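User: I'm new to reading protein models. Could you walk me through one, feature by feature?

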Amino acid sequence: MTIKERYEGVLSQLAKEWPAADSELHFENAYQLLVAVMLSAQCTDKRVNQITPALFEAFPTPQKMAEASVDAIYLYIQSVSYALP
């Protein structure tokens, strides 16, 4: 069996087992999904969904977040992150 055949077999099995795989994270665009996924690595999706509305209101674009200080961002994510500013 080739790597390609194995790969196709895995994808076929996943499609059969989970035909409508979906995320529990709430997001409206790729930027929000990326941030939410990164935060969800530190806690539950439920917690991420609780803090991201305010986070994305304060930093609606990647540019706005990039312009913000670490301390400003940390105020919004401190309940999901173990890192200190």
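**Reading the model, step by step**

Analyst: Let's start with L11, which is found in helix α1 (residues 3-17). Helices here are DSSP runs (H or I, at least four residues), and strands are too (E, at least two), numbered from the N terminus. Before we go on: this is a predicted model, where local features need pLDDT of at least 70 and side-chain atom pairs count only at pLDDT 80 or more, while totals for chains, interfaces and linings use all residues. Residues are numbered from 1 along each chain as its sequence is written, and side-chain values use heavy atoms, with hydrogens and water left out.

User: How exposed is L11, then?

Analyst: The general idea is relative accessible area: under 20% is buried, over 50% is exposed, and in between is partly exposed (1.4 Å probe, protein chains only). L11 has 40%, so it's partly exposed.

User: Which residues make the nonpolar surface patch?

Analyst: A patch takes residues with over 30% relative accessible area and no salt bridge, joining nonpolar side chains (Val, Leu, Ile, Met, Phe, Trp, Tyr) within 5 Å and like charges within 9 Å. A salt bridge is a side-chain nitrogen of Lys or Arg within 4 Å of a carboxyl oxygen of Asp or Glu. The areas come from the Shrake-Rupley method with a 1.4 Å probe, and for residues only the protein chains shown count as cover. Here Y7, V10, L11, L14 and W18 make a nonpolar patch of about 550 Å².

User: Which residues of α3 are buried, and what do they pack against?

Analyst: V48, N49, I51, T52, L55 and F56 are the buried ones in α3. They pack against α2 (30-40), α4 (62-67) and α5 (70-77). Contact means heavy atoms within 4.5 Å.

User: Can we take a few of those one by one?

Analyst: V48 has 0% relative accessibility, so it counts as buried. Leaving out residues up to four places away in sequence, V48 touches L25, A36, L39, S40, C43 and V80. V48 and M38 sit 10 residues apart in sequence, and their C-alpha atoms are 9.6 Å apart.

N49 is at 14%, so it's buried too. Its partners, again not counting residues up to four places away in sequence, are E24, L25 and H26. As for T52, it counts as buried because its relative accessibility is 3%. Setting aside neighbours within four places in sequence, T52 is in contact with H26 and L39.

User: What about F59: buried or exposed?

Analyst: F59 lies in the loop between α3 and α4. Its relative accessible area is 7%, so F59 is buried. Not counting residues up to four places away in sequence, F59 touches Y31, K64, M65, A68, A72, I73 and Y76. Take I73: F59 and I73 are 14 residues apart in sequence and 8.5 Å apart, C-alpha to C-alpha.
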